[in-house]
Amino acid sequence: MKREEQLSQTHAAILDAASRQFLAQGYQGTSTRDIAKEVGITQPALYHHFSDKEIIYLEVIKQVGATVREGINAAVKQIKASDVSDPVAALTTVTEVLTTAHPRDVFTVIHGSFKYLKPENQHALGQVFMQDYLLPLQKVFELPVMSLREGLPAKDAAAFYLTSLSPLFNTFHHVGPADADQHEQTLALVRLILFGVAVEK
């Protein structure tokens, strides 16, 4: 194998291992030593490909974010094409895009890392979060099927929705019956997000 091919394969293996670890354990719970160990290389070899942990993390979030953005955009097209009239079904489809891409709470994984990053990397992460998560989700809440409250901007609905997903990512506390599967839990949580817990009088 040519050296260039070997370097390319190692680069990809580092990102694969880093993606599994960062998404499962978060930024602080992952070390470059652990990533290198999973790949089967030394830390100095890892630093030959990436200058530091922050750069690896940003690259992982960019890749995952691109997948999320494509998935949400595809869901929006599907909802428009099929003329879905049920907001729960529409938002459940979108939610399952996020839970497929993220084994841990999206908001916690991304925002939990901010304080540990250099200012320029905080800025880059903020741009990814806006471009790949919030803006595509805003398009979801702009769909006619969503029928937002009067005066509630779609961007606020998107931000609220994203911060409300944590019960789907843990076994300690979730919504719905105790024996509910992931899809049933998603439906229950989406109903709570859309309609709240009390009847307005």
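Hi everyone, let's start with Asp-105, which is buried (under 20% relative accessible area with a 1.4 Å probe, protein chains only) yet has no salt bridge; Arg-104, the nearest side chain of opposite charge, is 7.7 Å away. A salt bridge here is a side-chain nitrogen of Lys or Arg within 4 Å of a carboxyl oxygen of Asp or Glu, and for charge, Lys and Arg count as positive, Asp and Glu as negative, with His and the chain ends not counted.

A quick word on the source: this is a predicted model, where local features need pLDDT of at least 70 and side-chain atom pairs count only at pLDDT 80 or more, while totals for chains, interfaces and linings use all residues. Residues are numbered from 1 along each chain as its sequence is written, and side-chain values use heavy atoms, with hydrogens and water left out.

So where does Asp-105 sit? You'll find Asp-105 in the loop between α5 and α6 (106–111). Beyond its neighbours within four places in sequence, Asp-105 is in contact (heavy atoms within 4.5 Å) with Ser-166 and Phe-169.

Now over to helix α9, residues 182–195. Helices are DSSP runs of H or I, at least four residues, numbered from the N terminus. Which residues of α9 are buried? They are Gln-185, Thr-186, Leu-189, Val-190 and Ile-193.

Finally, Gly-196 follows α9, and its phi is positive, near 75°.

Conventions: Helices (H or I, at least four residues) and strands (E, at least two) are DSSP runs, numbered from the N terminus. The expected span of a helix is 1.5 Å times one less than its number of residues. Buried means under 20% relative accessible area, exposed over 50%, partly exposed in between (1.4 Å probe, protein chains only).
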